[in-house]
Structures are given as structure tokens and as C-alpha cells.
Amino acid sequence: QVSLEESGGGMVQTGNSLRLSCAVSGRPFSVDTMGWFRQAPGKELEFVAFIRWAGADAFYGDSAKGRFTIARDSAKNMGYLQMNRLKPEDTAVYYCATGSGGTSSALYGSWGRGTQVTVSS
């Protein structure tokens with residue numbers, strides 16, 4: 001079983017950047033794909049991006065394209081989400097997850113507890 005722990009969230013002003021990290025433990029060699037999702041207050045869980053652990057192929061949701069970059073360091077068992085030019089609408093709890101990949105949360109079986117990102121205007 002894989003355990004995940006996010007870090008790096010916080011409060012920033014519009015236009016600033018944050019880098020979220022996701023530490024993988026337990027059975028990191030079993031990771032196929034890491035995804036990032038977010039959930040804003042009163043809204044449904046939203047797909048942000050995913051990355052293939054082996055080949056590093058990445059795919060982004062519309063809200064992340066051009067501003068966010070997903071990465072992983074398989075040697076360190078770490079995943080990252082670099083978020084630039086943040087906007088107030090990026091305010092949410094951000095979750096990392098591992099699974100078979102795709103944009104649906106149902107395809108991810110292991111989840112972290114989330115990290116809060118708040119962007120002030």
C-alpha cells in the first residue's frame with residue numbers, strides 16, 4: 001500500500017507561485033501514475049494534472065495549462081506541482097493521488113490528506 005503526504009501549501013497573493021510536494025512511502029515502486037486534484041469550498045473535486053511515474057509523460061487540466069507544471073523524482077519518491085501566476089480561483093485543498101492515471105478521481109486508489117492553498121487578491 002502506498003502512503004502519500006502533501007506539503008508546501010500556504011497563503012500567497014495573486015500572481016505569486018507555490019510548489020507543492022508529495023512524498024510517497026510504503027510501496028513507491030508500485031506507483032504507476034501520480035495525479036493532483038483540488039477541491040474548492042462548495043465545489044466538486046477537480047482534476048489538475050497527472051504524470052506517469054516511469055516515463056514522466058504529463059497531462060494537464062484546463063485550469064492548469066500554461067501555469068502549472070507537474071514533475072516527479074522517482075529516486076526520491078517525490079512528486080511536485082509547481083504553480084505559477086496563481087489566481088484567487090486557485091484557492092482549494094490540493095491532493096496528490098496515485099493510481100492507473102487519467103482525469104477521473106475514481107482511477108486513483110491512494111490519496112494524501114491534502115494541503116490548503118489560499119490565493120488572496
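**Exercise 1.** Find which residues Met34 touches, not counting those up to four places away in sequence.

*Solution.* Start with the ground rules: this is a predicted model, where local features need pLDDT of at least 70, side-chain atom pairs count only at pLDDT 80 or more, and totals for chains, interfaces and linings use all residues. Numbering runs from 1 along each chain as its sequence is written, and side-chain values use heavy atoms, with hydrogens and water left out.

Now look for contacts (heavy atoms within 4.5 Å). Met34 touches Leu4, Cys22, Val24, Ala49, Phe50, Ile51, Trp53, Ile70, Gly79, Ala97, Thr98 and Tyr108.

A nonpolar core here is a set of buried Ala, Val, Leu, Ile, Met, Phe, Trp, Tyr and Cys residues joined through side-chain atoms within 4.5 Å, buried being under 20% relative accessible area with a 1.4 Å probe, protein chains only.

**Exercise 2.** Work out which residues have the most contacts inside the largest nonpolar core.

*Solution.* That core has 27 residues, and Met34, Trp36, Val48, Phe68, Leu81, Met83 and Tyr94 have the most contacts inside it. Strands (DSSP E runs of at least two residues, numbered from the N terminus) that each supply at least two core residues include β3 (18–25) and β4 (33–39). The largest share, 4 residues, is from β3.

**Exercise 3.** Which backbone nitrogen does the side chain of Glu6 reach at 3.1 Å?

*Solution.* Glu6 sits in strand β1 (residues 3–7). Its side chain reaches the backbone nitrogen of Arg113 at that distance.

Key. Polar contact = N/O pair within 3.5 Å; in protein donor to acceptor, adjacent residues only side chain to side chain. Buried < 20%, exposed > 50% of the residue type's maximum accessible area, 1.4 Å probe, protein only.
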